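Q: Hi! I am new to protein structures and would like to learn how to read one. Could you take me through a few features step by step?

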There are 2 protein chains.
Amino acid sequence: MAAIASPDDMIRRRIDTGRISLNVREMGSGPLMLFFHGITANSATLAPLAVRFSDRFTTVAVDQRGHGLSDKPDSGYEAADFAEDIASLIRTLDRGAAVLVGHSLGSRNSVTAAALYPELVRSVVAIDFTPYIEKEVFDALEARVNAGDQLFENTESVCEYLAARYPNIPAPAIRIRAESGYHNVEGGLRPLASPSAMAQTAAGLRADLTQAYRDLRRPALLVRGGESKLVSADALAKTSRLRPDLPVVVVPGADHYVNEVSPDITFQAITNFIDA
Amino acid sequence: MAAIASPDDMIRRRIDTGRISLNVREMGSGPLMLFFHGITANSATLAPLAVRFSDRFTTVAVDQRGHGLSDKPDSGYEAADFAEDIASLIRTLDRGAAVLVGHSLGSRNSVTAAALYPELVRSVVAIDFTPYIEKEVFDALEARVNAGDQLFENTESVCEYLAARYPNIPAPAIRIRAESGYHNVEGGLRPLASPSAMAQTAAGLRADLTQAYRDLRRPALLVRGGESKLVSADALAKTSRLRPDLPVVVVPGADHYVNEVSPDITFQAITNFIDA
């Protein structure tokens with residue numbers, strides 16, 4: 001495997017959509033391809049993937065509301081809120097309909113945006129988030145998310161914490177998370193993501209997603225980690241029964257963090273999807 | 001479900017590629033989308049699907065060698081022979097790289113052509129044929145194929161025979177097979193497909209297909225009937241381990257004859273794939 005690209009290869013800028021101010025990392029030219037991270041993460045986690053598509057797309061990795069350096073309103077962390085941010089961003093960028101690539105929370109938001117604003121979306125790559133995720137899976141996720149709000153001594157201790165939390169993510173990708181997702185506070189480092197926003201976002205992930213999948217009229221590729229603890233084989237099977245026309249890629253050996261654990265297969269799967 | 005389109009909506013013509021003379025059904029304009037049927041069938045079985053794409057593609061459904069009204073040489077029924085026919089046809093049509101849609105034998109041939117002639121192929125929809133098909137499945141297929149060489153009293157008796165052989169294919173699609181695949185001979189109707197070509201083609205299907213899948217560098221969508229007796233769940237799983245980056249659609253309730261049994265889901269799945 002080639003060394004992963006650095007998030008710093010991308011240009012950071014702030015985009016005011018009129019609705020919200022979002023921090024993004026941008027690179028390349030051509031049609032729009034937007035990247036939306038999972039809960040507690042930020043634009044840097046998808047940057048290595050975005051960089052690989054920047055030779056033929058305008059790639060924009062986004063800090064979603066409540067995360068990274070983007071606005072963190074007190075409330076408004078349901079699927080429709082994130083989806084409207086996506087719509088307002090695509091309108092502001094004004095480069096036509098976008099390919100949306102989302103992981104986890106970003107997958108939920110991308111599918112919701114495509115269902116609500118089909119004219120703004122060319123297609124969706126929905127990585128490891130589907131309808132029918134079990135209640136106990138959300139319970140575990142919510143506990144994990146809320147436990148992340150800690151004070152850390154330094155970046156090394158953040159790396160240790162994240163490596164224990166995400167045991168299959170390779171060290172370079174763990175470091176990207178550590179270096180991008182924390183800021184200096186009195187006594188050490190704390191997450192950039194707002195704890196209140198994370199709690200609301202985690203709770204909002206439980207909302208029924210079947211209607212958005214039913215309504216979806218844009219092409220979507222469903223990607224699941226073969227060892228994912230978030231999307232069970234059963235949840236994916238139910239989703240395929242709901243939408244048997246949607247193509248599926250199951251990445252062998254990958255857990256929930258598919259694009260960080262298996263970057264080459266993820267890149268190739270997306271390429272196969274968008275080049276057809 | 002809408003009434004299926006008639007194969008007679010397409011224009012029939014003969015194309016001499018310099019290598020072989022092929023009978024095709026053609027409709028529409030735009031980039032090339034070629035359709036390749038299963039063993040013992042002909043261009044008519046995929047015509048209802050082709051017609052639905054003809055508003056934006058030049059759709060060409062092909063009688064493959066040994067089948068329908070195309071040339072039936074005495075020998076040359078291996079994967080490479082069919083694939084070279086495909087390459088020569090795309091070159092003769094001279095409209096750029098083609099999307100290949102193949103069912104069964106046509107799926108094997110399309111993937112082989114894409115692996116051998118990537119510059120001529122935009123992408124492949126590979127319906128219900130994969131590597132790792134079990135020996136006993138080929139034994140049963142070969143017995144079925146060779147039993148098809150019968151004299152029938154009339155089209156109704158052909159329909160009865162085909163309805164028993166393909167119990168899940170709806171009556172209108174059975175009628176298409178009956179009306180397109182037989183010709184008048186002394187004493188009744190016989191298959192247009194050459195018995196010797198069918199025997200050689202059936203034997204050739206057993207050849208190892210893993211190298212073609214390994215070599216494949218064009219996007220491909222794998223489609224399997226959820227109840228297929230030809231591609232087992234195990235054969236598909238092994239194929240996904242060989243090429244984890246290739247998207248998969250499993251059509252619930254469909255047997256091997258996916259596009260005839262579930263035309264709407266097949267159409268939507270291909271649309272999702274090529275529109276991404």
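This is a predicted model: local features need pLDDT of at least 70, side-chain atom pairs count only at pLDDT 80 or more; totals for chains, interfaces and linings use all residues.

**Strands and rings**

Q: Which way do strand β5 (residues 98-103) of chain B and β6(B) run, parallel or antiparallel?

A: They run parallel, joined by six bridges. For example, Gly102(B) has Ala126(B) as its bridge partner in β6(B). Together with helix α3 (residues 105-116) of chain B, β5(B) and β6(B) make a right-handed β-α-β unit.

Q: What is the bridge partner of Ala126(B) in β9(B)?

A: That partner is Leu222(B). Strand β9 (residues 220-225) of chain B pairs with β6(B) over four bridges, again in the parallel sense.

Q: How many aromatic pairs are there over all chains?

A: A search of the whole structure finds 14. In general, a pair of aromatic rings is described by the distance of the centres and the angle of the planes. Take Phe53(A) and Phe267(A): their centres are 4.8 Å apart and their planes 45° apart, a tilted pair. Phe53(A) lies in helix α1 (residues 43-53) of chain A and Phe267(A) in helix α11 (residues 263-275) of chain A, so the pair ties together parts 214 residues apart in sequence.

Q: Is Phe53(A) buried or exposed?

A: Phe53(A) has 0% relative accessibility, so it counts as buried. Phe267(A), at 19% relative accessible area, is buried too.

Methods: Residues are numbered from 1 along each chain as its sequence is written. Chains are lettered from A and ligands numbered from 1 in the order in which they are written. Side-chain values use heavy atoms; hydrogens and water are left out. Two strands pair if DSSP finds at least two bridges between them. Helices (H or I, at least four residues) and strands (E, at least two) are DSSP runs, numbered from the N terminus. A crossover is right-handed if, with the strands pointing away from the viewer, the path from the first strand over the helix to the second runs clockwise. Rings of Phe, Tyr and Trp (its six-membered ring) pair if their centres lie within 6.5 Å; planes under 30 degrees apart count as stacked, over 60 as edge-to-face and the rest as tilted. Buried means under 20% relative accessible area, exposed over 50%, partly exposed in between (1.4 Å probe, protein chains only).
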